[in-house]
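Follow it with the model open.

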Amino acid sequence: MYKRRDFVIGITALGAVNFLRSNAKAQSLKPRRVLLAHGLLGFKKIGSVHYFNGVTDCFDKGCQFITPQVDPAGTIQERAMQLQDAIKHSVPLNELKTGVGIHIVAHSMGGLDARYLVSKRGLNCASWFASVTTISTPHNGSPLADIITGEQQLNLENFKSLDILATAKYWVDFFKAFDKPTSPVDVVKMFSSGGFKQTAADLKTYLLQLFGNPPAAFQELTTTSTKKFNQTYRDFESVP
């Protein structure tokens with residue numbers, strides 16, 4: 001059974017390598033270049049841990065990787081501009097003008113950054129790119145962002161699809177892992193109709209402690225904001 005890391009690496013390679021191969025003939029400049037765009041609260045490298053850990057090993061040999069650090073909680077526009085600057089610093093200007101055919105592989109919010117970078121109504125850089133691959137990008141918004149920004153109230157409906165979270169044993173084991181023993185009766189009460197009000201209040205306090213004032217990025221990832229984004233940046237300007 002694949003571990004989560006293996007799955008992410010595999011699915012990244014599946015999309016990106018196929019794009020690389022399908023566009024190889026149209027791209028005359030060498031080496032082929034791949035821009036890896038990280039997601040919300042992401043990073044380029046922390047210690048020996050890379051955000052796209054192991055992903056570069058899945059590509060064809062001879063690729064040049066551009067792996068910028070952008071503002072972890074910045075706006076889509078700010079992050080896209082930082083991606084643009086990183087490309088300009090990594091690729092000779094004369095090659096950009098002739099069309100270098102960069103491949104973008106973007107995770108999470110990075111996919112929205114990539115769309116803004118490519119779009120005519122954004123940074124209008126479509127001519128630079130051979131393909132765009134987005135992985136786990138909230139193109140239609142994130143319910144978690146809705147909750148963090150207060151656009152949506154947390155309720156029991158949010159948990160209906162998470163079957164494992166509805167079992168008392170899961171939460172008993174969860175609290176034990178943090179040296180917080182509790183009983184199945186307490187856990188069931190926590191998610192009852194009466195007890196959930198307090199649970200939701202506690203979770204809201206936790207999120208506020210974790211994020212403080214929600215950064216602009218969370219506002220831009222709400223379902224309302226991404227709906228407007230999709231109406232403005234409709235396509236990838238003929239970039240596959």
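Arg33 and Glu95 are both buried, where buried means under 20% relative accessible area, exposed over 50% and partly exposed in between (1.4 Å probe, protein chains only). This is a predicted model, in which local features need pLDDT of at least 70, side-chain atom pairs count only at pLDDT 80 or more, and totals for chains, interfaces and linings use all residues. Residues are numbered from 1 along each chain as its sequence is written, and side-chain values use heavy atoms, with hydrogens and water left out.

**Salt bridges**

Side chains of opposite charge can pair when their charged atoms come close. A salt bridge here is a side-chain nitrogen of Lys or Arg within 4 Å of a carboxyl oxygen of Asp or Glu.

| Pair | N to O distance |
|---|---|
| Arg33 – Glu95 | 3.0 Å |
| Asp113 – Arg79 | 2.7 Å |

Arg33 lies in strand β1 and Glu95 in helix α3 (residues 93–98), 62 residues apart. Asp113 sits in helix α4 and Arg79 in helix α2, 34 residues apart. Asp113 and Arg79 are both buried. Helices (H or I, at least four residues) and strands (E, at least two) are DSSP runs, numbered from the N terminus.

**Helices α2 and α4**

The axes of α2 (residues 76–90) and α4 (residues 110–118) come within 8 Å and cross at roughly 70°. Axes are lines fitted to C-alpha atoms, for helices over the stretch in contact, with angles from 0 to 180 degrees between N-to-C directions. The two helices are therefore roughly perpendicular, a label for angles of 65 to 115 degrees. Residues in this contact (heavy atoms within 4.5 Å) include Arg79, Leu83 and Ile87 of α2 and Asp113, Tyr116 and Leu117 of α4.

In α4, 9 of 9 residues are buried. They pack against β1 (33–37), α2, β5 (102–107), β6 (129–135) and α10 (223–232).

**Nonpolar cores**

A nonpolar core is a set of buried Ala, Val, Leu, Ile, Met, Phe, Trp, Tyr and Cys residues joined through side-chain atoms within 4.5 Å. The largest has 33 residues. Leu35, Ile87, Ile102, Ile104, Leu117 and Phe129 have the most contacts inside it. Two or more residues each come from β1, α2, β5, α4 and β6. Beyond its neighbours within four places in sequence, Ile87 is in contact with Leu35, Ile66, Leu96, Ile102, Leu117, Trp128 and Phe129. A second, separate core has 8 residues, among them Val34, Val55, Phe59 and Ile135.

How values were computed
Parallel < 35°, antiparallel > 145°, perpendicular 65-115°, else oblique.
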